[in-house]
Amino acid sequence: MGMSVTISAAAAEDAEQIFKLQYLAFQREAELYGNYLIQPLTQSLDSLKQELATDTVLVARLGDEVVGAVRGSVGEDGTASIAKLCVHPRLQGHGLGARLLRGVEEALAGRGGTTRFRLHTGHKSESNLRLYRKAGYAQVGNRTASDGVHLVILEKDAEVASDYTVSA
């Protein structure tokens with residue numbers, strides 16, 4: 001390739017690339033659950049643009065191409081919710097997801113008042129669960145999403161984030 005992947009804050013003009021990447025990256029999840037109505041596949045472009053305006057959104061770029069993305073926000077209780085971590089299928093398995101996760105944790109912790117991080121993934125999503133557990137997350141519950149997918153809810157204390165280091 002000759003280029004390295006960089007991680008930075010998303011800009012409003014990244015919306016369409018993030019939207020297309022999200023649709024592509026979550027196909028494997030949809031197939032795993034036999035459910036193509038999962039939220040990342042049904043989210044509208046306008047809804048994504050709203051998240052770009054209000055949430056912390058990071059992208060991974062390979063040149064001008066967005067090849068990864070993640071979103072997060074901090075609630076009034078200090079819980080930072082992390083969502084829609086996705087990496088282009090051709091780049092999965094090379095540590096980019098871990099880099100994006102660490103980046104969004106650092107960005108959300110830097111906002112002050114963050115006490116813990118929370119995220120969720122489907123119960124059959126073993127590679128996601130492995131990534132999150134390696135990053136220090138532990139299961140704290142589960143629920144069924146409106147689309148019928150059984151979700152595992154994971155959390156870790158914000159202080160633990162400073163102990164987690166990304167390799168790759």
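# Close-up views of a predicted model

View A. Lys84 counts as buried because its relative accessibility is 14%, where buried means under 20% relative accessible area, exposed means over 50%, and partly exposed lies in between (1.4 Å probe, protein chains only). This is a predicted model, in which local features need pLDDT of at least 70 and side-chain atom pairs count only at pLDDT 80 or more, while totals for chains, interfaces and linings use all residues. Residues are numbered from 1 along each chain as its sequence is written, and side-chain values use heavy atoms, with hydrogens and water left out. Lys84 is placed in strand β4; helices (H or I, at least four residues) and strands (E, at least two) are DSSP runs numbered from the N terminus. The side chain of Lys84 makes a polar contact of 3.0 Å with that of Gln39 and another, of 3.3 Å, with that of Glu51. A polar contact is a pair of N or O atoms within 3.5 Å; within protein, one atom must be able to donate a hydrogen and the other to accept it, and residues adjacent in sequence count only if both atoms are side-chain atoms. With neighbours within four places in sequence left aside, the residues in contact with Lys84 (heavy atoms within 4.5 Å) include Gln22, Phe26, Pro40, Gln43, Ala69, Val70 and Arg71.

View B. Helix α4 spans residues 45-54, and its buried residues are Leu48, Glu51 and Leu52. Seen down the axis of α4, these buried residues fall within an arc of 100°, so they line one face of the helix; the arc is that of the directions from the helix axis to the C-beta atoms. The face of α4 turned away from that buried side carries the exposed residues Asp46 and Ala53. The cover over the buried residues of α4 includes α1 (15-25), β2 (56-62), β3 (65-74) and β4 (79-87). The side chains of Glu51 and Arg71 meet in a salt bridge of 2.5 Å, N to O, a salt bridge being a side-chain nitrogen of Lys or Arg within 4 Å of a carboxyl oxygen of Asp or Glu. This pair links distant parts of the chain, with Glu51 in helix α4 and Arg71 in strand β3, 20 residues apart. Glu51 counts as buried because its relative accessibility is 16%, and Arg71 is likewise buried, with a relative accessible area of 3%.

**View C. Helix α1 and its buried side.** Ala15, Ile18, Leu21, Gln22 and Ala25 are the buried residues of α1. They cover an arc of only 130° around the axis, which puts them on the same side of α1. Among the elements that cover these residues are α2 (27-33), α3 (39-42), α4, β2, β3 and β4.

**View D. The Arg61 and Asp14 pair.** Arg61 forms a salt bridge with Asp14, in which the closest N and O atoms are 2.6 Å apart. Arg61 lies in strand β2 and Asp14 in the loop between β1 (5-9) and α1, so the pair ties together parts that are 47 residues apart in sequence.

View E. The side chains of Lys156 and Glu105 meet in a salt bridge of 3.1 Å, N to O. The pair links distant parts of the chain, Lys156 in strand β7 (residues 150-157) and Glu105 in helix α5 (residues 96-109), 51 residues apart. Lys156 and Glu105 are both buried. The structure as a whole holds ten salt bridges.

**View F. The whole chain, for orientation.** The protein chain has seven helices and seven strands, which run from the N terminus in the order β-α-α-α-α-β-β-β-α-β-α-β-β-α. Of its 168 residues, 45% count as buried. Among contacts with a separation of 6 or more, 64% are between residues 24 or more positions apart. The C-alpha atoms fill a box of roughly 35 × 35 × 30 Å, taken along the principal axes. According to the UniProt record, an unreviewed entry, the annotation "domain: N-acetyltransferase" covers residues 5-159; UniProt positions are given in the numbering used here, feature names are shortened, and annotations may be inferred rather than shown by experiment. The span of residues 5-159 is 37% helix and 34% strand, and its end C-alpha atoms lie 27 Å apart.
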